[in-house]
Amino acid sequence: MKYNFLKPFLSASSKSVITFTRATCSKVSYIQGQSPHKNIREYFYYIDHQGMLFLDDARMKNFTSCFKDKDFLVFFFKRIRLNNTSRYESSFPYVSLCGRERNYIRCDDVPIVYTHIINNDGQDIFCYGHAGDLMFNNFLPEKLFMDPETGRMYHPCHKTAGSIGLVASKLAIQLSKQLKFENGEDKPPTHFFWKDVFHTLDTSWYFLKKQEMAEKN
């Protein structure tokens, strides 16, 4: 599937870029649309902590410059995988493959950022990707985790995208009002009150995944 409406963005970005990546504390050089091999094109993207998608070299990263077409967002986010291409793996740890196009992705945190919760046929779902209710995972209230050091809140996501999803700050603030810290506020929360049910939080999934990632690195 080809998205011709991207051409104005890409033509403006088709220059050599040297950018600093926080993940690796190093510089990386690329040209949007470069072709390292025959029939292969490479593009570079950035996902911020609110889950908005940008061209990585966009000078201004705000609501005006982010991608908004829902069909494109679904197409892009559904294909996000860990970057195992042997190219830019440390600087752009995720990739969305589209035929002969490789869309490398770096993030402020993680690529899946939950923005709102809705009820779908009796099941609460966690929506992500700024595409309305077109992309989601089941909301599991007992799996919420808040990092006491950063204040960021996480929830499981699909394995192909790294298993850890971030809760957007505006929603996290709302949900945090229902958290209980029985071990002290300098420790992760222990309980979460949701729809008249007091859930004991199971945060083992988060630490297990973090351990797996550390062992791979």
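Which residues have the most contacts inside the largest nonpolar core?

## Core packing

They are Tyr45, Leu53, Phe77, Leu144 and Leu175, in a core of 43 residues. A nonpolar core here is a set of buried Ala, Val, Leu, Ile, Met, Phe, Trp, Tyr and Cys residues joined through side-chain atoms within 4.5 Å; buried means under 20% relative accessible area, exposed over 50%, and partly exposed in between, with a 1.4 Å probe and protein chains only. Helices (H or I, at least four residues) and strands (E, at least two) are DSSP runs, numbered from the N terminus.

There's also a second, separate core of seven residues, Val28, Phe44, Val95 and Tyr104 among them.

Residues are numbered from 1 along each chain as its sequence is written, and side-chain values use heavy atoms, leaving out hydrogens and water.

The average pLDDT (the predictor's confidence in each residue, from 0 to 100) is 90, and 88% of the residues score at least 70. Residues 1-9 sit below 50. Where pLDDT is low, the predicted coordinates should not be read in detail.

Pairing takes at least two DSSP bridges between two strands. Four bridges link E15 (residues 191-194) to E16, with His191 partnering Thr200.

Key
This is a predicted model: local features need pLDDT of at least 70, side-chain atom pairs count only at pLDDT 80 or more; totals for chains, interfaces and linings use all residues. Contact means heavy atoms within 4.5 Å.
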